[in-house]
Amino acid sequence: MSDVRVRGAAARIRVVRPGELDAGEIERWRELRALSGAPANPFMEPEFSLAVGRVRPGARVAVIGGDSGGPVGFFPYERGPLGQGRAIGFGVSDSQGPVLGPQHALTARELLSACSLGSWEFDNLEAGGGLFVPDAAEAFDSPVIDIGQGYEAYEAALRAGSPKFFRTTTAKERRLARQAGEVRFVFDERDPAALRTLMAWKSAQYRRTGRRDRFAKEWISTLVRQLAADRPDRAPGCSGVLSVLYVADRPVAAHFGLRSRTVLSCWFPAYDTGFAKYSPGLILHLRMAEAAAGAGIGLLDLGRGAAEYKDALKTGALRVYEGASVRRGPRAALYRLGREPSRRAHSFVRDRPKLAGCAQRALSQVGRLRDR
């Protein structure tokens, strides 16, 4: 634990492990999130940082105090051995940034200095994270489904805006029931076997598309299992929700995400490829939207990244940012040498659809070779 006063700023910053936050600080974090007016994304709630802290030894939270004595902000992050910082849960976190009240008087450089960070890297910075937005290199849309007016209103908008998509998807669901058996949906499945099935499907998908298998990292698979064990009554800001589409009691599509009281953040969707012709993933998402609306959730955040199913389902988008805030000095030079060339290369490919298509085909070929 460290306790420092930032020069030129009316703030005392205490750096702790997430598990060292006391009950009053956790409640203050929740209050600041509610006051921000931003969607209650579960990745930005204290429960997510607490969960990451249990599996990532480098996880830290800067508690920012004001002149009145109480916290005016929190900054969750992970620190590497050379002072390089990343968003907490970097690589699987779909919303990132500091949680700040209007009373804070910090700059990004002062906050990094207090945390002994030479840099702080982010890839899903929340639009309201104004302290670091000026350091963003790129901005992206994170598609969302607005079900705040109820599922019926969303379905009516789908029928009007994408009538062919809606008719095709519902027709496939009826055909699936006729040809394979009774279709059943569970919004909040608690069977651990269903989670294991989803993780196996997702790992196979990563390999098939030539991507890094996230579940091969022990800390990610452990984090998911721990979050899956939480319930909304125990962790109202961030708890796991496993949704499963069954056919004749056999799982054919599943999704594991995080929810707050009003937002469901979509995280790990996958399906049994043997049922691909029925588009079980799309059926699952429509069922999820209906069940989420019934549970009082008003927004499904589909997450950054281009995908046809997201384009078909979305009603709008939130803005997120990628980049890094870097202090001057030798650590800054190390960051730029180590990270910027890779980030710029990815950006170059992303911005050129034909090149991105070639890259995807190459990754898929790698995946096929890997599975031989």
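Is R287 buried, partly exposed or exposed? In this predicted model, R287 counts as partly exposed, because its relative accessibility is 23%, a value that falls between the 20% limit for buried and the 50% limit for exposed.

**Salt bridges between parts separated in sequence**

- R287 forms a salt bridge with E173, with the closest N and O atoms 2.5 Å apart, and this pair links distant parts of the chain, since R287 belongs to helix α8 (residues 280-294) and E173 to helix α5 (residues 163-180), 114 residues apart.
- E173, the partner of R287, is buried, with a relative accessible area of 19%.
- The side chains of R184 and D249 meet in a salt bridge at 3.0 Å, N to O; R184 lies in strand β9 (residues 183-186) and D249 in the loop between β10 (239-247) and β11 (250-259), so the pair ties together parts 65 residues apart in sequence.
- R184 is partly exposed at 32% relative accessible area, whereas D249 is exposed at 58%.

- E25 and R14 meet through their side chains in a salt bridge of 2.9 Å, N to O, and because E25 lies in helix α1 (residues 23-36) and R14 in strand β2 (residues 12-16), the pair ties together parts that are 11 residues apart in sequence.
- E25 is buried, with a relative accessible area of 8%.
- A network of salt bridges links E27, R30 and E47.

**Cysteines**

- The count of disulfides comes to zero.
- C115 counts as buried at 3% relative accessibility, and C266 also counts as buried, at 5%.

Key. Residues numbered from 1 in each chain as written. Predicted model: local features only at pLDDT ≥ 70, side-chain atom pairs only at ≥ 80, totals over all residues. Heavy atoms only, no water. Disulfide = S-S within 2.5 Å. Buried < 20%, exposed > 50% of the residue type's maximum accessible area, 1.4 Å probe, protein only. Salt bridge = Lys/Arg side-chain N within 4 Å of Asp/Glu carboxyl O. Helix = DSSP H or I, 4+ residues; strand = E, 2+ residues; numbered from the N terminus.
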